[in-house]
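Please look through the sequence and the three-dimensional structure before reading on.

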Amino acid sequence: MGKQEIQIFDTTLRDGEQVPGCKLDRDQKLRLAERLEQLGVNVIEAGFPISSPGDFAAVAEISSLIQHTTVCGLSRAVEADIKAAAEALATAKYPRIHTGIGTSDSHIYDKLQTTREKIIERAVGAVRYAKSFVEDVEFYAEDAGRTDNAFLATVLENVIAAGATVVNIPDTTGYCLPEEYGAKIKYLVENVKGIDRVTISCHCHNDLGLATANSIAGIQNGATQIECTINGIGERAGNTSLEEVAMIIKHRLGDLFKTSINSRMLNPVSREVAHEMGMAVQANKAIVGDNAFAHSSGIHQDGVIKCRATYEIIDPHEVGVDKSLIVLTARSGRAALAYRYKEIGINLTKRELDSAYKEFIALADVKKIIDDTDLQMIWNNITVAVA
Ligand code: KIV
Ligand code: ZN
């Protein structure tokens, strides 16, 4: 059997962009949409057209610009939202309307103050209305992570009968454990009539740091689309990180699954998103953080210098990073020091290395990171002393 292609639904420009301080202007959105298409995502969720005239215009322009990728617009299960999304997507080559409503008891009784019956009615009405504009309609069951599985199955059965092409199972609050989320997808696969005709999508938030693990559990149990963002940005603690799922699938699940992501663009696109949004990436972020391919302890550095794979499971070139870094700190050893001197064109003898190491370690105890200028200064000191 061939590998199952996992559709990558990027929501950087919608769930990511709604983060405080991350708002993008029209030109920034257009630039990033183009980059996302080059990166190889299957769906670009371009925005929430009813939310503001600016977002409407951005979705409309992205729709005209993007030629090969599905462009999606978000809406609530409200006719005005759906109509605005349809109008904004009018010029898209492959338009998708994403509509939905809360299905957990908390959303039904506390937020929407309605009943389960009314939720099904509104869900079906929204999908039917969206279908009057476009063929491709994705339905989200907001807070599906905390929704009773039997009720969720009933909602989905109804929206599939109404014409939904994709059913999105959001863990909106990042509540689920991977086993639970995987079991939820399995339950839906086994219990929802017609689900074999549609795409099942995972949309996981990271409140407990489990968004990526939950999305992976989702595909291992029958989902074939993952909704994610560059750098994992998104509401509160963020969404599933695109770069993480792309590399997990490539490196650990490649026998079963594949994506169309060009992994060499991951680092450059991550930097562009961070720059455009003014949202720095944490240094220890998997795949795209500054330290993802940096080695600072002597034990690790010695291993990596001898053979990169001792402490790196991914070749940095594969994700668009020039090289692994050997960072000199007070925890570094002689092997790293000699290696870094070699990088600046100085091949130390054993005696020179011993002298340099003494000076280096004294300086490293007071200065966090030793750079090339420090190395040059130490070299000048020891060559004067040796002479
Ligand atoms: O987290 C969520 O439930 C969402 C939906 C609007 C898809 O972002
Ligand atoms: Zn979300």
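How do the residues of the shell around ligand 1 divide into nonpolar, polar and charged? They divide into two nonpolar, five polar and three charged residues, where Ala, Val, Leu, Ile, Met, Phe, Trp, Tyr, Cys and Pro count as nonpolar, Asp, Glu, Lys and Arg as charged, and the others, Gly among them, as polar. This is a predicted model, in which local features need pLDDT of at least 70 and side-chain atom pairs count only at pLDDT 80 or more, while totals for chains, interfaces and linings use all residues. Residues are numbered from 1 along each chain as its sequence is written, chains are lettered from A and ligands numbered from 1 in the order in which they are written, and side-chain values use heavy atoms, with hydrogens and water left out.

**The chain as a whole**

- The protein chain has 15 helices and 12 strands, which are DSSP runs numbered from the N terminus (helices: H or I, at least four residues; strands: E, at least two).
- Along the principal axes, the C-alpha atoms of the protein chain fill a box of roughly 90 × 45 × 40 Å.
- Of the 387 residues in the protein chain, 52% are buried, a word that stands for under 20% relative accessible area, with exposed meaning over 50% and partly exposed in between (1.4 Å probe, protein chains only).

**The surroundings of ligand 1**

- The residues around ligand 1 are R14, D15, H98, Y140, E142, N168, P170, T172, H203 and H205, each having a heavy atom within 4 Å of the ligand.
- In the side chain of T172, an N or O atom is 2.6 Å from an oxygen atom of ligand 1, while D15 has a polar side-chain atom 3.1 Å from an oxygen atom of the ligand.
- For H203, too, a polar side-chain atom lies 3.1 Å from an oxygen atom of ligand 1.
- On its own, ligand 1 has 260 Å² of accessible area, and the protein covers 92% of this; such areas come from the Shrake-Rupley method with a 1.4 Å probe, and for residues only the protein chains shown count as cover.
- Helix 1 (12-16), strand 6 (136-142) and strand 7 (166-171) are the elements that give two or more residues to the shell around ligand 1.

**Buried and partly exposed residues**

- T11 lies in the loop between strand 2 (7-10) and helix 1, and T11 counts as buried because its relative accessible area is 0%.
- The side chain of T11 makes a polar contact with the side chain of E45 at 2.7 Å; a polar contact is a pair of N or O atoms within 3.5 Å, and within protein one must be able to donate a hydrogen and the other to accept it, while residues adjacent in sequence count only if both atoms are side-chain atoms.
- I82 belongs to helix 4 (residues 79-88) and is buried, because its relative accessible area is 1%.
- E61, in helix 3 (residues 53-65), is partly exposed, because its relative accessible area is 28%.

**Distances along the chain and in space**

- From C-alpha to C-alpha, I82 and T172 are 21 Å apart in space, and they are 90 residues apart in sequence.
- E61 and A90 are 29 residues apart in sequence and 10 Å apart in space, again from C-alpha to C-alpha.

**Positive phi angles**

- R236, which is not a glycine, has a positive phi of about 50 degrees, and R236 is placed in the loop between strand 9 (225-228) and helix 10 (242-252).
- I287 has a positive phi near 70 degrees and is found in the loop between helix 11 (266-277) and strand 11 (294-295).
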